[in-house]
Amino acid sequence: MAVVSYRALAARVLTLPARLGPVRLVGVDGPTGSGKSTFAGRLADALRSAGSDVTLLHTDDLLDGWADTVTFWPRLESWVLAPLRDGKPGGYRPYDWYAGAFGADWTQVPATGVLILDGVTSTRRAAAPDLTLAVWMSMQPSRSLARAIDRDGEAMAGELTAWHDREQAHFAIDDTPARADLLVDGDPRLPHDPAAEFVTG
């Protein structure tokens, strides 16, 4: 384990080659409740401070409801990854979780700089050729589920438990953690400044 600054990681990302057309794709993967979105947001801020233009895309915006844990990927490929691979802008219609449908308006994803893809299965095997960096947020499954329920409320416990079971099945088949370039401790005990630093796991 070691304490690493987001600033140092941003500098590392910018030295690595773009593999998704002109875009450096960084995937932040791991179980629900493990801190993916927080990590992705802090890395995005560090990259912007380093002078890079960054798009942060949450896979939750591409899901067609709770049951779409794994099967949303063709939508991501068609809407975002394929155009970027050709050096063209991509885009997506964010899912409205209250309306239970995709919105009418498209959000553009430019073909420049860095795209951070934050969410469960974002570093799946199919993404490997396009990824500049694959990040895995490490956490005990029972702990991550408990944190997700604390975050979203007991009313969502049933949906979150079913989601947890689907993601764990996917991770086992995909062997996701073993292929990560960077393992991050999602529940660190080492002293550090969470706003500026993370702990490797």
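## Basis

The model is predicted, so local features need pLDDT of at least 70, side-chain atom pairs count only at pLDDT 80 or more, and totals for chains, interfaces and linings use all residues. Residues are numbered from 1 along each chain as its sequence is written, and side-chain values use heavy atoms, with hydrogens and water left out.

## Strand β2

Strand β2 spans residues 24-29. Helices (H or I, at least four residues) and strands (E, at least two) are DSSP runs, numbered from the N terminus. Five of the six residues of β2 are buried, so the rest of the structure largely encloses this strand. Buried means under 20% relative accessible area, exposed over 50%, and partly exposed in between (1.4 Å probe, protein chains only).

Strands pair if DSSP finds at least two bridges between them. β2 pairs with β8 (residues 114-118) in the parallel sense, over five bridges. β2 also pairs with β9 (residues 131-138) in the parallel sense, over five bridges. Val26 faces Ile116 in β8 and has Leu133 as its bridge partner in β9.

## Salt bridges

A salt bridge puts a side-chain nitrogen of Lys or Arg within 4 Å of a carboxyl oxygen of Asp or Glu. The count is eight.

One of them joins Arg48 and Asp45 (3.6 Å, N to O). Both sit in helix α2 (residues 36-49), three residues apart, so about one helical turn separates them. Arg48 is partly exposed at 42%, and Asp45 is partly exposed at 46%.

Arg143 and Asp187 form another (3.1 Å, N to O). This pair links distant parts of the chain, 44 residues apart: Arg143 lies in helix α4 (residues 141-152), Asp187 in the loop between β10 (182-185) and β11 (197-199). Asp187 also bridges to Arg189, with the closest N and O atoms 3.2 Å apart. Arg189 is exposed at 68%.
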